[in-house]
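Please report on the structure shown below.

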Amino acid sequence: MSKNYKVFLSEKDMPGQWYNLAADLPTPMQPPLGPDGNPITPDMLAPVFPMNLIEQEVSSERWIDIPEEIQEMLYRWRPTPLHRAYHLEKALGTPARIYYKNESVSPAGSHKPNTAVAQAWYNKEFGIKKLTTETGAGQWGSALAFACSLVGLECKVFMVRVSFDQKPFRKMLMASYGANCVASPSNETKAGRDILAKIPDTPGSLGIAISEAIEEAVTDESGETRYSLGSVLNHVMLHQTIIGQEVKKQLEIFGEKTPDTVIACAGGGSNFAGIAFPFIHDKINGADIDIIPVEPSSCPTLTRAPFSYDHGDVACMTPLLPMYSLGHEFIPPPIHAGGLRYHGMSPLVSQAAVEGLINPRSVHQLEAYESAILFAKTEGILVAPETSHAVAATIQEANKAKEEGKEKVIVFNLSGHGMMDLVGYDKFLKGELSNYSLPDEDIKKYTEPLKKYPQPSTSKSGKW
Ligand SMILES: Cc1ncc(COP(=O)(O)O)c(C=O)c1O
């Protein structure tokens, strides 16, 4: 009998609910704080987000139903396939069984549309006419542009300057969906103009682009514009949890029980949360799983930054969030994984890290690209530069299994394809890229100002 290379699920097997990790974390989530240091109320978020999404943001319900209209939109590409990476296993000579969840099959090419269609739908339901957002690599901007075109919303995207220049095809895709994409920092907002006056040749950052997008939303006097964020916030993590729920069903069909290792890259934390949170649920209930978020050594949020209250953006327009943060003024070096260049980390992912439920790791740019090239040559998919970090950690784990002679089951999230990220691959193949490890002095410099904010509790249950 031929081997199973991939498992597809049918539409009827698609999860009907999102999973909320906040309901199960042994230490409760700590609230976002306002400028006065007190917890913010849902009303304070109302100029930025519609109330139906704010309700999800603060929800502690374990399961939240996915409205039928959103499921209808997700059916365009979901459920996504789970593949067994036989050819990569063979090239590595590993006894590990490697699986990857292929989120690159979505229309925009990554996991991002999972939350984009949900957010666009809730905004439309609330009577909103236009969404603004930021984008790093361009995956999120494309996803929201696509979602807005489905539900009939106007869409404006501030794209981090360095990615805007490196990835011209992303803005063409956004334009094809009917969105307006500008380079950030721009002259269109006060936040953008302030940064340009200080650092005229700045490569930009997600923190700056977020400030611009929020400013444009809250200054629209019609009150019909809101802001949409592609990662970090609780409701975004929630929307991605369909990934891990599908993986569980698919592993079962492959004949696997609990995986030994679950891996995903982490920028703001959403694709990691998507695959990992349903497995963290199992770990909290006794399963033995090594769960690894992977970040770049040049932007080592979970691995080297303090757990602190900090703003999600440069202009301090967001509330203070309890998260691992390199400081909101940190402008990461212009590495090619634009979606991993974020100073902070999802509060839910951060709290799971505080609890010891996950084991963060960083990898260098060159190892990530080398791993992606081996993956392309064996499995055929040229992954996004962000995803290459997950591939690198997967190869590290598969090589460890080989050294130990262990038949491990490793699953990673293939968060996106790299077909619009070819400039980075070109530079790598020409030998023009290098590694960069953030110096300790820089971390100290950018995180020093965080000491003036209230400090979140680091207490944990001590079970992991
Ligand atoms: C393909 C891909 N993977 C991962 C990420 C990182 O974001 P997150 O940590 O929210 O998944 C991005 C962000 O742009 C991305 O485009």
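Cysteine 316 is partly exposed, because 16 other C-beta atoms lie within 10 Å. A residue is buried if 20 or more other C-beta atoms lie within 10 Å of its own, exposed if 12 or fewer, and partly exposed in between, with C-beta atoms placed from the backbone. Cysteine 316 sits in the loop between β12 (307-311) and β13 (320-324). Its phi is near 60°, a positive value in a residue other than glycine. Helices (H or I, at least four residues) and strands (E, at least two) are DSSP runs, numbered from the N terminus.

This is a predicted model: local features need pLDDT of at least 70, side-chain atom pairs count only at pLDDT 80 or more, and totals for chains, interfaces and linings use all residues. Residues are numbered from 1 along each chain as its sequence is written.

Valine 232 also has a positive phi, about 70°, although it is not a glycine. It belongs to the loop between β9 (225-227) and α11 (234-240). Valine 232 counts as buried because it has 26 C-beta neighbours inside 10 Å.

## Cis prolines

The peptide bond from arginine 78 to proline 79 is cis, with omega near -5°. Proline 79 is in the loop between α3 (68-74) and β4 (82-84).

Serine 184 and proline 185 are also joined by a cis peptide bond, with omega about 5°. Proline 185 lies in the loop between β8 (180-184) and α9 (190-198).

The largest nonpolar core has 132 residues. Such a core is a set of buried Ala, Val, Leu, Ile, Met, Phe, Trp, Tyr and Cys residues joined through C-beta atoms within 7 Å. Leu144 and Ala276 have the most contacts inside it. Beyond four places in sequence, leucine 144 touches Ala116, Ala120, Leu131, Thr133, Cys155, Val157, Ser228 and Gly230. Contact requires C-beta atoms, placed from the backbone, within 7 Å.

Helix α5 (residues 113-125) has 13 residues. Eleven of the 13 are buried, so α5 is largely enclosed by the rest of the structure. Among the buried residues are Ala116, Ala120 and Trp121. After α5 comes glycine 127, whose phi is positive, near 95°.

## Ligand shell

The ligand is surrounded by 21 residues. The closest are Gln139, Ser231, Gly267, Gly339 and Gly416.

Helices α6 (139-151), α13 and α17 (385-404) each supply at least two shell residues. α13 gives the most, with three. The shell divides into seven nonpolar, 13 polar and one charged residue. Here Ala, Val, Leu, Ile, Met, Phe, Trp, Tyr, Cys and Pro count as nonpolar, Asp, Glu, Lys and Arg as charged, and the others, Gly among them, as polar.

## The open sheet

Seven strands form an open sheet in the order β1-β4-β5-β15-β10-β11-β14, with mixed pairing. β1 (6-7) and β14 (361-363) stand at the edges with a single partner strand each, so one side of each has no neighbour in the sheet. Strands pair if DSSP finds at least two bridges between them.

β5 (residues 97-102) and β15 (residues 409-414) run parallel and are joined by six bridges. Tyrosine 99 stands opposite valine 411 in β15.

Methods
Contact = placed C-beta atoms within 7 Å. Near = placed C-beta within 6 Å. Expected span 1.5 Å × (residues − 1).
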